[in-house]
Amino acid sequence: MDFEESFMNAQDFDNLVQVEQAQEMKESTTTTPPPVANKRGRKPGKKSSDKVDIRAKLERSRQSARECRARKKLRYQYLEELVTDREKAVISLRQELDKYRTWCVEVDEGRIPEGLPGLLDELGAVKQESAGGVLIM
């Protein structure tokens, strides 16, 4: 009988452990989990000291906006200068193109345009043959 009593005691011990585990499970499920903090919106419990933080934040935001507008203004000025320079270059190139077109017309008519020999000398495109005196371009 002694063995059976000890066996019963082991069963009672197992039952006791199961009961304690069940109680722990109930306690853990009945307690509310810690609240999940929302990242947006006002936080509960904010005081007047936080108003100073909000004012400082607003001032930083205003300053950042001022700096952004200043950078934008500089960027637009730079781009306008760039466009103006490109327009001047386009006008200059068109004038040069018109000059070359008139030279082509004059060459086609058998005349040597004014300024063409000087330009060819600058470019080194003219070579004279010693024997024939022919211009080679």
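Is glutamate 59 buried, partly exposed or exposed? In this predicted model, glutamate 59 has a relative accessible area of 38% and is therefore partly exposed, where buried stands for under 20% relative accessible area, exposed for over 50%, and partly exposed for the range in between (1.4 Å probe, protein chains only). Residues are numbered from 1 along each chain as its sequence is written. Because the model is predicted, local features need pLDDT of at least 70 and side-chain atom pairs count only at pLDDT 80 or more, while totals for chains, interfaces and linings use all residues; side-chain values use heavy atoms, with hydrogens and water left out.

Three helices and two strands make up the secondary structure of the chain, and their order along the sequence is α-α-α-β-β. Here helices (H or I, at least four residues) and strands (E, at least two) are DSSP runs, numbered from the N terminus. Confidence is expressed as pLDDT, the predictor's confidence in each residue, from 0 to 100. The chain has a mean pLDDT of 79, with 66% of its residues at 70 or more. Helix 2 has the highest confidence, at a mean of 94, and strand 2 (residues 135–136) the lowest, at 54.

Of the 137 residues in the chain, 4% are buried. Tyr78, Leu79 and Leu82 form a nonpolar surface patch of about 270 Å². Such patches consist of residues with over 30% relative accessible area and no salt bridge, with like charges joined within 9 Å and nonpolar side chains (Val, Leu, Ile, Met, Phe, Trp, Tyr) within 5 Å. Tyrosine 78 belongs to helix 2.

Charged contacts come next. Four salt bridges were found, each requiring a side-chain nitrogen of Lys or Arg within 4 Å of a carboxyl oxygen of Asp or Glu. Glutamate 59 returns here: its side chain meets that of arginine 66 in a salt bridge with an N to O distance of 3.6 Å. Arginine 66 is likewise partly exposed, at 37% relative accessible area. A network of salt bridges links Glu59, Arg62 and Arg66. Another salt bridge joins arginine 101 to aspartate 98, at 3.9 Å from N to O. These two residues are three apart in helix 2 (residues 49–108), so about one helical turn separates them. Aspartate 98 is partly exposed, with a relative accessible area of 43%. Glutamate 109 and arginine 111 also form a salt bridge, their closest N and O atoms lying 2.1 Å apart, and arginine 111 is partly exposed at 46% relative accessibility.

Aromatic contacts were also examined. A pair of aromatic rings is described by the distance of the centres and the angle of the planes. The search of the whole structure gave one aromatic pair. Tyrosine 100 and tryptophan 103 form this edge-to-face pair, at 5.6 Å centre to centre and 65° between the planes. By the rule used, rings of Phe, Tyr and Trp (its six-membered ring) pair if their centres lie within 6.5 Å, and planes under 30 degrees apart count as stacked, over 60 as edge-to-face and the rest as tilted. Tyrosine 100 and tryptophan 103 are three residues apart in helix 2, so they are separated by about one helical turn. Tyrosine 100 is partly exposed, at 28% relative accessible area, whereas tryptophan 103 is buried, at 11%.

Finally, the cysteines. The count of disulfides is zero, a disulfide being a pair of cysteine sulfur atoms within 2.5 Å. Cysteine 68 is partly exposed, at 39% relative accessible area, and cysteine 104 is partly exposed, at 48%.

Key
Areas by Shrake-Rupley, 256 points an atom, 1.4 Å probe, with all protein chains shown as cover.
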